[in-house]
Amino acid sequence: MMFIRYAVWRFLTMLLTLAVVSVLVFIIINLPPGDYLSNQIAELRATGQAEGVAKAEFLRKEYALDRPLWQQYLIWVGMIPGPQGFSGLIQGDFGWSFEFDAPVADIVGDALWLTVLVNLAAVLFVYLVALPLGVLAAWKSATWVDYTTAFVGYLGLATPNFLLALILFYYGHKYLGLPIGGLMSPEFEGEPMSLAKVQSILIHLIVPTFVIGTSGAAGMMQRLRANMLDELSKPYVETGKAKGLSSTRLLTKYPLRMAFNPFVADIGNLLPAMVSGSVLVSVVLGLQTIGPALLTALKSQDQFLAAFVLMFVALLTLIGTMISDLLLVLLDPRIRYGAREG
Amino acid sequence: MSNLPDGRFIDDAPYDPNVDLSAIDRTDMDAPNWLLVWRKFRRHRLGLISGLFLLLAYMAIPFAGFLSPYTPNERSADYLYHPPQAIKFWHEGDYIGPFVYPTEAVADLENYRWTYTTDETRPMPLQFFCKRTRYNLFGVIPTERHLFCAPEGATVFIFGSDRLGRDVFSRISYGAQLSLTVGLIGITVSFILGIGFGAIAGYFGGWVDWVVNRAIEILRSLPELPLWLALSAAVPSNWGPVSVFFIISIILGLLDWPGLARAVRSKFLSLREEEYVRAAEMMGAKPGRVIRRHLLPNFMSHLIASATLSIPAMILGETALSFLGLGLRAPAVSWGVMLNDAQNLASIEIYPWTAIPMLPIIIVVLAFNFLGDGLRDSLDPYTS
């Protein structure tokens with residue numbers, strides 16, 4: 001019961017945060033002077049195409065871009081009626097992309113799921129790599145295992161993501177025959193799901209997952225190693241050893257469980273970094289996630305598309321953080337529900 | 001030391017009743033804090049080397065023009081995509097000092113690219129303190145002296161040249177000016193915001209704390225790069241390179257402060273209960289004075305260490321932004337701008353040297369990480 005109450009409370013805070021984020025996103029999107037349509041109108045005027053101007057003026061009215069900013073915001077969110085009545089984010093209408101001349105929902109469409117997929121794969125990769133390596137590095141601290149993992153970890157932290165992507169793509173293709181670019185073979189695009197398509201997506205995921213996950217895995221490995229080292233120097237470990245516990249059992253039974261909490265709590269830090277990385281890497285590698293859409297939208301001031309992508313990315317991290325908070329409460333009975341007092 | 005028959009030990013030195021009991025046995029432990037920190041830091045080899053390297057790198061920044069043989073936007077139309085050239089010392093077994101072999105461009109009509117043939121019969125010695133293209137030393141003194149440059153009729157492209165025939169080595173050393181300082185400006189912004197908000201939240205508590213805390217949580221839960229992208233897309237395209245540079249550094253700093261503010265806040269929450277804070281308040285010190293004089297100095301060094309660890313993120317951020325074409329723009333030279341040219345697989349495959357700017361990025365980021373780790377470890381000189 002307590003847990004459900006906490007979960008509901010946590011969900012409500014997330015919604016509140018999302019509301020604040022939407023204001024923030026809207027302000028950022030509207031920072032550049034003018035908007036897509038007013039820029040277009042100016043351009044059309046300069047080249048003397050009067051009929052285009054009329055259409056753009058019409059669109060401006062249609063999407064309420066001639067209203068004051070605070071009204072635009074409320075219309076966008078769907079709190080007050082716009083020219084077409086209530087149709088905003090709350091009602092599930094994501095707006096119109098001027099650049100692509102299509103509804104935002106149509107443009108992002110599949111990209112949303114692929115974004116989630118890429119990020120999930122990356123998070124999974126981080127955990128699968130960081131957990132064993134971090135534990136191993138702590139257990140064999142100050143041996144070559146420790147030094148090698150530390151070195152690789154530091155390199156992973158220091159290499160810019162996009163370069164790693166290019167290099168791995170190049171060598172992956174040259175020596176392992178991994179496919180270049182995209183998230184699936186071209187013939188599967190727009191096709192219904194099938195076993196072959198899933199297979200194609202999985203193979204295409206290898207390099208992006210590795211690239212996006214590396215820096216996160218490196219950071220997490222270091223933190224896990226530090227936590228484990230703290231635990232390993234505690235007296236109960238010595239007691240366990242003295243009583244003749246085998247080292248694997250000793251390791252997995254106590255210190256690992258203690259060191260595991262920060263590991264789960266870390267999702268909150270990990271996820272924003274993952275999403276950042278996936279946007280960058282998607283642009284470089286031409287993955288069909290929302291990264292490239294965001295970049296074009298930002299460059300051409302296609303505000304509804306950019307705002308929606310930013311909102312989606314924020315939502316993704318917020319949901320991730322919420323899940324990690326809930327997991328943490330389930331895993332660790334010492335954590336109290338609700339807010340701290342005092 | 002003598003051993004009494006009953007097994008006790010006794011010091012042979014004569015007993016002096018006037019000895020000062022408060023004197024410390026080991027005077028080296030009484031050294032000022034910075035000396036203790038330095039002693040401990042000195043043993044952290046990797047951190048020390050990294051620190052020295054960074055110091056050298058930053059000191060070399062004003063001399064970038066002098067150290068590089070070309071100016072960053074100087075084009076050699078006859079030498080497009082020239083591969084890296086080695087500087088040699090021995091010609092046919094004889095030592096003749098540093099020299100290069102002249103090269104000549106040959107059109108490869110099959111692959112449609114330039115290939116270069118090296119004429120290994122004519123060694124051409126490098127010139128030192130020679131006069132070439134004009135540049136401004138320290139950004140103000142116009143001069144033509146370069147530390148070394150190519151002899152007439154030859155080139156010295158240590159790291160090769162790019163698609164416009166510009167020297168990659170010279171561009172890297174000029175690029176360091178922007179790429180290295182972007183982190184410093186960014187961290188200053190983040191420092192001011194982080195300490196400001198953190199201190200206010202931690203010292204006053206109550207609703208101020210609540211508001212700042214929510215702001216920190218929200219900012220920390222958002223992915224940085226998309227926000228950086230959105231903010232830098234808002235920079236007007238008609239701004240000059242210098243203003244773009246400053247605004248980009250400020251943008252990088254704007255999203256970094258929450259982590260710092262959080263650390264400051266939690267420290268303040270515990271420190272404000274200390275007696276000396278109460279004493280200062282009783283004597284009528286204003287909050288600003290208590291914060292600046294009594295609270296901040298307590299953990300300033302820790303803040304500096306953590307700042308060192310967040311500079312790399314900004315350097316990488318600048319690189320990513322410029323790489324995507326939303327950061328610094330063309331006439332400006334930074335490592336990210338240079339990598340923008342190496343964006344596609346073809347150029348990495350055919351002209352791998354255009355990706356060389358990644359090396360200084362990796363090295364600098366690693367150095368900051370090692371330095372930060374070293375500083376953090378040695379800041380508490382009393383723990384072993």
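**Close-up views of a predicted two-chain model**

**View 1. Helix α11 of chain B is kinked.** A kink of about 25° sits at B:L309 in α11(B), shortly before the proline B:P312. The model is predicted, as are all the views below. Helix α11(B) runs over residues 300–323, 24 residues in total. From its first C-alpha to its last, α11(B) reaches 34 Å. That is close to the 34 Å expected at 1.5 Å a residue. After the helix comes B:G325. The phi of B:G325 is positive, near 85°.

**View 2. Chain B meets chain A.** Chain B brings 29 residues to the contact, and chain A brings 36 residues. On the side of chain B that touches chain A, the elements giving two or more residues are α6 (224–233), α11, α13 (345–350) and α14 (358–378). By class, the side of chain B that touches chain A holds 24 nonpolar, 3 polar and 2 charged residues.

**View 3. Chain A as a whole.** Chain A has 14 helices and 2 strands. Its C-alpha atoms fill a box of roughly 90 × 60 × 40 Å along the principal axes. Chain A counts 342 residues, and 37% of them are buried. Among contacts in chain A with a separation of 6 or more, 69% join residues 24 or more positions apart.

**View 4. Helices α5 and α8 of chain A cross.** Two packed helices are described by the angle between their axes and the distance between the axes. Here α5(A) covers residues 104–139, and α8(A) covers residues 195–232. Their axes come within 6 Å and cross at roughly 35°. The crossing of α5(A) and α8(A) is right-handed. The residues of this contact divide into 22 nonpolar, 4 polar and 1 charged.

**View 5. Helix α3 of chain A and the residue after it.** α3(A) spans residues 50–62 and has 13 residues. From first C-alpha to last, α3(A) reaches 19 Å, close to the 18 Å expected at 1.5 Å a residue. Just after α3(A), A:A64 takes a positive phi of about 60°.

**View 6. B:Y81 is a buried loop residue.** B:Y81 lies in the loop between α3 (64–67) and β3 (88–91) of chain B. Its phi is near 50°, a positive value in a residue other than glycine. B:Y81 counts as buried because it has 20 C-beta neighbours inside 10 Å. The cut-off for a buried residue is 20 or more.

**View 7. B:E152 is an exposed loop residue.** B:E152 lies in the loop between β9 (141–149) and α4 (168–204) of chain B. B:E152 has 8 C-beta neighbours inside 10 Å, so it counts as exposed. B:E152 and B:M59 are 93 residues apart along the chain. Their C-alpha atoms are separated by 31 Å.

**View 8. B:V242 is an exposed helix residue.** B:V242 lies in helix α7 of chain B, which covers residues 241–254. B:V242 is exposed because it has 10 other C-beta atoms within 10 Å. B:V242 and B:L164 are 78 residues apart in sequence. In space, B:V242 and B:L164 are 23 Å apart, C-alpha to C-alpha.

How values were computed:
Residues numbered from 1 in each chain as written. Chains lettered and ligands numbered in written order. Predicted model: local features only at pLDDT ≥ 70, side-chain atom pairs only at ≥ 80, totals over all residues. Helix = DSSP H or I, 4+ residues; strand = E, 2+ residues; numbered from the N terminus. Expected span 1.5 Å × (residues − 1). Bend = angle between axes of the 7 residues up to and from the residue. Contact = placed C-beta atoms within 7 Å. Nonpolar A, V, L, I, M, F, W, Y, C, P; charged D, E, K, R; others polar. Buried ≥ 20, exposed ≤ 12 C-beta atoms within 10 Å, placed from the backbone. Axes fitted to C-alpha atoms, helices over the stretch in contact; angles between N-to-C directions. Left-handed = near helix turned anticlockwise from the far one by under 90°.
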